[in-house]
Amino acid sequence: MIVRIMGEGQVKLDDAHFVELNKLDDELLDEMESGDEPGFRRTLSALLDAVRRLGSPLPDDSLEPSELILPAEDATLDEVRQMLSDDGLIPG
Amino acid sequence: MSGVMKRMGMIFRAKANKALDRAEDPRETLDYSYQKQLELLQKVRRGVADVATSRKRLELQLNQLQNQSSKLEDQGRKALSLGREDLAREALSRRAALQQQVTDLQTQHQTLQGEEEKLTLAAQRLQAKVDAFRTKKETIKATYTAAQAQTRIGEAFSGISEEMGDVGMAIERAEDKTAQMQARAGAIDELLASGALDDPTGMAKDDITAELDRLSGGSDVELELQRMKAELAGPGADKQAIEGGQAGQGQQAPQAQPGQPRFDKQ
């Protein structure tokens, strides 16, 4: 599966790693919904590290669609919340 | 998976699809839709064919059962004629079981036949709809292409009108320039005539030269007049001399006549 880390690029991940990643991802969602900013920062960083560690980066000029997308390392909880609101990531 | 990764991915994809929708050529969408309808029609037809095959199989089974049934009936009749009532009973009871099967199969056959008719009708209706869609699709495509062409023509026209505007401006500028030059030429003529400007072509004369010319031109006229008066004073002498010359020529003329013999034969 191809995962994009916003602002960084795409990473190709073996499906076998998703059990591990899903745990972190669900944790991240919980923290985001409960407004736990320090927890959100910690989990996002751990999730991104795991994706980078387990996956192999795709070249910048590849045109593969991403199946999963992760916020950038420095994204704040509010920013991510806004991205996931009705307006979505791209306005319009 | 329902975490942040998934949700962000879904939003991204939804947005990308929306963006694609805008860029999509409606003609391609129509063709795609038509293709899908054809596939559906194909499925329905395959369904009809499957049902028809099942019906055929049932008919074959029914035939076999009926053959067996009549065979058992014959066997029963034969057993009775031979006085074997027990055998005849056995044959008839087997036949009865077969008859039950036949009745069941006939019910199934009827149901299948009904299904088949319904499906055939549906396939025909679908076919008609797909045909109608194809016509409509082609019309829409043609309209779209025409509209697109019209837009292009419109754009070209507005481009042309802009250019025409430019040409108009150029003509206006040229006209202005011509008028300006004419005005300037008129002014130069006046200035040259008045002597305020020197004529670089040397055509114009200053006032002194003009007066001298006028004076010398006048003396020429006087001289010409006197010469003509002198001619008129002695016209007779001149005329005689001319006529005499002509008479002399007349006397000599026979000798000089061309084509006449110069000497007599004497």
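The expected span of a helix is 1.5 Å times one less than its number of residues, and helices (H or I, at least four residues) and strands (E, at least two) are DSSP runs numbered from the N terminus. The model is a predicted one, in which local features need pLDDT of at least 70 and side-chain atom pairs count only at pLDDT 80 or more, while totals for chains, interfaces and linings use all residues. Residues are numbered from 1 along each chain as its sequence is written, chains are lettered from A and ligands numbered from 1 in the order in which they are written, and side-chain values use heavy atoms, with hydrogens and water left out.

**Chain A overall**

- Chain A contains three helices and four strands, and these elements follow one another along the sequence as β-β-α-α-β-β-α.
- Of the 92 residues in chain A, 43% are buried, where buried means under 20% relative accessible area, exposed over 50% and partly exposed in between (1.4 Å probe, protein chains only).
- Taking contact to mean heavy atoms within 4.5 Å, residues 24 or more positions apart account for 68% of the chain A contacts that have a separation of 6 or more.
- The accessible surface of chain A is about 5,200 Å², with 51% belonging to carbon and sulfur atoms; such areas come from the Shrake-Rupley method with a 1.4 Å probe, and for residues only the protein chains shown count as cover.

**Helix 1 and helix 2 of chain A**

- The buried residues of helix 1 of chain A are F18(A), L21(A), N22(A), L24(A), D25(A), L28(A), L29(A), E31(A) and M32(A), and just after this helix G35(A) takes a positive phi of about 80°.
- The axes of helix 1 and helix 2 (residues 37–54) of chain A come within 9 Å and cross at roughly 155°, the axes being lines fitted to C-alpha atoms, for helices over the stretch in contact, with angles running from 0 to 180 degrees between N-to-C directions.
- Helix 1 and helix 2 of chain A are therefore roughly antiparallel to each other, since angles over 145 degrees count as roughly antiparallel, under 35 as roughly parallel, 65 to 115 as roughly perpendicular and the rest as oblique.
- Helix 1 passes helix 2 of chain A in a left-handed crossing, meaning that the near helix is turned anticlockwise from the far one by less than a right angle, whereas clockwise would be right-handed.
- Residues of helix 1 that meet helix 2 in chain A include L21(A), L24(A), L28(A) and M32(A), and among those they meet on the helix 2 side are F40(A), L44(A), L47(A) and V51(A).

**Chain B**

- Chain B has five helices and zero strands, and buried residues make up 14% of its 266 residues.
- Among contacts in chain B between residues at least 6 apart in sequence, 80% join residues at least 24 apart.
- Chain B exposes about 21,100 Å², of which carbon and sulfur atoms supply 56%.
- R55(B) lies in helix 2 (residues 26–81) of chain B, counts as buried because its relative accessibility is 14%, and, leaving aside neighbours within four places in sequence, is in contact with H109(B), L112(B), Q113(B) and E116(B).
- L98(B) is found in helix 3 (residues 85–193) of chain B and, at 10% relative accessibility, counts as buried.
- Not counting residues up to four places away in sequence, L98(B) touches L65(B), Q68(B), S69(B) and L72(B), while L98(B) and Q66(B), 32 residues apart in sequence, are 8.0 Å apart in space, C-alpha to C-alpha.
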